[in-house]
Amino acid sequence: MNEEFIIKVLPPVPPRFAKALYDRLAADHSRASLKMFLRHLTIRERWQATAIVLTILLTAACTQIILRSRYVRIGDLFLVEISRLTELVNPGGAAPAIPTPGQLPINEYGWTVWEFSPGSPKWIPDGFSSIDIPSEMTAYEQTIGLWSNMSNERIRLYIVPQAEGMHPFAPPGEYEEVSVSGNPAILIHGRYTPTSSESPQSERPWSEDLGFQLSWPSHGSMYTLETFGTYLAQAELIRMAESVAPPERPFSQ
Amino acid sequence: MNAADTAERARASSVSEVDWVSAYSELLPRVYHYFCLRTGDPSEAEDLTATVFERAWRGRSRFRHDLGTFSAWLFGIARHVVVEHYRQSKTNTSNFGNQDVGHSRPTEDAAEQREAFARLASRLAVLPKRQRELFALKYGARLSNRAIASALNMTETNVSTVLHRLVTRIREEMGAK
């Protein structure tokens with residue numbers, strides 16, 4: 001079958017058209033998108049790429065969670081939940097308002113003026129007795145009582161103005177809500193290890209063996225009972241807290 | 001690497017296995033001529049050819065070697081494009097054979113060639129759509145009888161027979177040797 005006559009009459013491809021189209025396709029190629037890139041990957045490679053991206057995002061999110069402190073409300077108190085990686089307490093934003101009977105007055109040095117005599121605990125664990133309070137003074141806390149045993153293990157009770165932002169702090173999992181006389185209280189297990197005199201710049205890990213800190217609100221103040229080792233049981237500390245007598249002249253507005 | 005991975009790798013690498021420069025050089029005239037014979041209008045053929053290559057380029061990752069050759073895949077796109085074209089324009093034959101041809105060769109030969117193509121196009125214009133498609137796939141796209149049979153759901157013998165009759169008739173009508 002002679003088909004030559006058909007081929008002969010077919011118009012040639014216009015060179016300007018061929019070049020223009022080629023240039024257009026080449027330009028499109030240079031704009032290859034991420035979608036096109038992903039299309040060229042195998043299913044496994046797509047999963048791997050997705051896993052890498054998710055890992056990066058998760059790591060970033062976890063880093064934020066780990067490094068960021070936050071306020072946790074427990075009853076009428078706030079606890080600053082801090083990072084395990086750093087002891088710097090820097091929760092974002094101002095502390096939430098705490099409902100209190102009112103602000104405690106301060107003197108010309110900015111120290112709190114306690115216009116009442118905080119009560120002392122009526123029950124003391126066996127072997128402990130009251131000792132003299134060292135002559136220490138801070139702007140925010142007032143030591144009410146100090147008890148010690150024969151092994152020189154100590155229990156301390158202090159108060160701070162509830163509304164002045166000195167919140168207890170602990171890493172996640174190292175605190176719990178307990179009840180003192182039927183009201184919510186914060187029990188912290190342990191504390192940061194003391195700064196080493198040999199290497200003061202070294203990291204200070206959290207240790208659960210360094211006692212309890214039990215905090216509860218009362219009359220515009222936050223009471224805290226603390227121990228410094230494993231010599232006292234949690235139940236004993238709560239019993240001691242519940243035996244604290246009400247202030248003789250409660251502060252009021 | 002398991003079988004699924006291998007298959008996926010093959011699918012993904014099929015894009016890079018196609019030599020686009022060579023494919024473009026070889027297939028551009030064939031696609032263009034297919035549309036020339038299909039529409040009878042070289043200008044329209046340019047637009048449709050461009051559409052085919054642009055679609056093929058954008059969808060190159062979908063080309064699968066295991067399903068056939070690249071040219072078959074490309075002409076599959078071309079056939080879709082021409083169907084869409086006629087569906088949109090609803091002018092199957094209105095422009096057939098009335099267009100300027102070979103405007104890149106402004107010579108006496110070119111004028112003769114344009115006239116000859118116009119005569120061919122006018123013959124094709126009166127053919128049933130299916131026969132015109134058959135003719136365009138054979139002499140424009142230059143597909144094998146087997147590929148045409150597969151594309152049009154015919155037997156190879158049937159393709160051969162119909163083509164023989166068509167060419168004989170057109171040759172007689174055009175007075176060609």
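## A walk through chains A and B

Start in chain A and select A:Tyr71: its bridge partner in S2(A) is A:Val80. What you see is a predicted model, in which local features need pLDDT of at least 70, side-chain atom pairs count only at pLDDT 80 or more, and totals for chains, interfaces and linings use all residues. Residues are numbered from 1 along each chain as its sequence is written, while chains are lettered from A and ligands numbered from 1 in the order in which they are written.

**Stop 1**

Now show the whole of S2(A), residues 77-81, together with S1(A). The two strands run antiparallel and are joined by five bridges. Strands pair if DSSP finds at least two bridges between them.

**Stop 2**

Move along to S7(A), residues 175-180, and S8(A), residues 183-192. Six bridges hold this pair in the antiparallel sense. Pick A:Glu176 and look across to S8(A): A:Leu187 stands opposite. Then go to the hairpin of S7(A) and S8(A), with two residues between the strands. Click A:Ser181 there; its phi is positive, near 55°.

Next, select S9(A), residues 206-218. S8(A) pairs with S9(A) too, again antiparallel and over six bridges. To find one spot on this pairing, select A:His189; its bridge partner in S9(A) is A:Phe212.

**Stop 1: all of chain A**

Zoom out. Chain A has five helices and 10 strands; these are DSSP runs, H or I of at least four residues for helices and E of at least two for strands, numbered from the N terminus. Of its 253 residues, 23% are buried (20 or more other C-beta atoms within 10 Å; 12 or fewer is exposed, in between is partly exposed; C-beta atoms are placed from the backbone). Take the contacts in chain A with a separation of 6 or more: residues 24 or more positions apart account for 53% of them. A contact puts two such C-beta atoms within 7 Å.

**Stop 2**

Switch to chain B. How many helices and strands are there? Chain B has eight helices and zero strands. Trace it from the N terminus and the elements read α-α-α-α-α-α-α-α. Here 29% of the 177 residues are buried. Among contacts in chain B between residues at least 6 apart in sequence, 63% join residues at least 24 apart.

**Stop 3: a helix pair in chain B**

Select H2(B), residues 20-39, and H3(B), residues 42-58. They pack at an angle of about 130°, with axes 8 Å apart. Show the side chains at the contact: H2(B) brings B:Leu28, B:Val31, B:Tyr32, B:Phe35, B:Cys36 and B:Thr39. H3(B) brings B:Pro42, B:Glu44, B:Ala45, B:Leu48, B:Thr49 and B:Val52.

**Stop 4: B:Glu156**

Finish at B:Glu156, in helix H8(B), residues 156-174. Is B:Glu156 buried or partly exposed? It counts as partly exposed, because it has 14 C-beta neighbours inside 10 Å. Leaving out residues up to four places away in sequence, B:Glu156 touches B:Asn145, B:Arg146 and B:Ala149. Last, draw a C-alpha to C-alpha line from B:Glu156 to B:Ser144: they are 12 residues apart in sequence and 9.3 Å apart in space.

Methods
Axes fitted to C-alpha atoms, helices over the stretch in contact; angles between N-to-C directions.
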